[in-house]
Amino acid sequence: MEEINKTAKEGRRQFITFCSSGQEFAADIMTIREIRGWTPTTPLPNAPDHVRGVINLRGVVLPVVDMRARLGHGITETNAKHVIVVVKIAERVIGLLVDAVSDIITPDIDEIQAAPDLTRDAESDFVEGIVVVDEKMITILNMGHLMDSLREHAVPGTLVA
């Protein structure tokens, strides 16, 4: 919620929405570098289940995280319709495997509600809030906290530095 409070003076924020496990999520548009079609990954030994592996993104080795698995909903059975959302926070870049990218939304800051404090463990740390758009509830993810949670689960030398 700190990010929401810091930007409250601005009044509005832009998010890209995406689907994973039948749920709608959103990420701050400023963290998204590109959206690309699904590319098979090269698996990494001893990586957590939510790390699908790595891909070569214009000469850079990019780790790909399965959002469905990271959110505790099982491994994604990929097909050509899946996409990789490339996210950059500070100097860290990762790909997020999601079902589809949906839309761009621009809610007023006061429309973003705090997530109920009923969630368990690290998942609650990267939920920034919830916004209702066209009667759909969209969970806003804090990409910085998501990156931090991935580092905590990483096998040394295999994920985000």
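A residue is called buried when its relative accessible area is under 20%, exposed when it is over 50%, and partly exposed in between, using a 1.4 Å probe and protein chains only. By that rule Asp28, with a relative accessible area of 17%, is buried. The structure is a predicted model, in which local features need pLDDT of at least 70, side-chain atom pairs count only at pLDDT 80 or more, and totals for chains, interfaces and linings use all residues. Residues are numbered from 1 along each chain as its sequence is written, and side-chain values use heavy atoms, with hydrogens and water left out.

**Terms for the sheets**

- Helices (H or I, at least four residues) and strands (E, at least two) are DSSP runs, numbered from the N terminus.
- Two strands pair if DSSP finds at least two bridges between them.
- Strands of a sheet pair through backbone hydrogen bonds, either parallel or antiparallel.

**The sheet from S3 to S4**

- An open sheet of 5 strands has the order S3-S6-S7-S5-S4, with mixed pairing.
- Its edge strands are S3 (32-37) and S4 (51-57), each of which pairs on one side only.
- Neighbouring strands here are turned by 30° against each other on average, direction ignored; the axes are lines fitted to C-alpha atoms, for helices over the stretch in contact, and angles run from 0 to 180 degrees between N-to-C directions.
- Strand S5 (residues 60-66) pairs with strand S7 (residues 92-98) in the parallel sense, over 3 bridges.
- Asp66 has Leu97 in S7 as its bridge partner.

**The sheet from S8 to S9**

- Another open sheet of 5 strands runs in the order S8-S1-S2-S10-S9, and its pairing is mixed.
- Strand S8 (100-105) and S9 stand at the edges with a single partner strand each, so one side of each has no neighbour in the sheet.
- In this sheet, neighbouring strands are turned by 30° against each other on average, direction ignored.
- S9 (residues 127-133) is largely enclosed by the rest of the structure, because 5 of its 7 residues are buried.
- S9 and S10 (residues 136-141) run antiparallel and are joined by 6 bridges; in S10, Met137 is the bridge partner of Val132.
- The two strands S9 and S10 form a hairpin with 2 residues between them, and Asp134 in the turn has a positive phi of about 50°.

- Arg52 lies in strand S4, and its C-alpha is 7.7 Å from that of Pro63, which is 11 residues away in sequence.
- The side chain of Arg52 makes a polar contact with the side chain of Asp66 (3.3 Å); a polar contact is a pair of N or O atoms within 3.5 Å, where within protein one must be able to donate a hydrogen and the other to accept it, and residues adjacent in sequence count only if both atoms are side-chain atoms.
- The Arg52 side chain also reaches the backbone oxygen of Thr76 at 2.8 Å.
- Asp28 is found in strand S2, and its side chain makes a polar contact with the side chain of Arg13 (2.9 Å).

**The nonpolar core**

- A nonpolar core is a set of buried Ala, Val, Leu, Ile, Met, Phe, Trp, Tyr and Cys residues joined through side-chain atoms within 4.5 Å.
- The largest such core has 21 residues, of which Met67, Val87, Leu96, Val98, Leu141, Met143 and Leu146 touch the most other members.
- Strands S1 (15-20), S2 (23-28), S6 (83-89) and S7 and helix H3 (143-153) each give two or more residues to this core.
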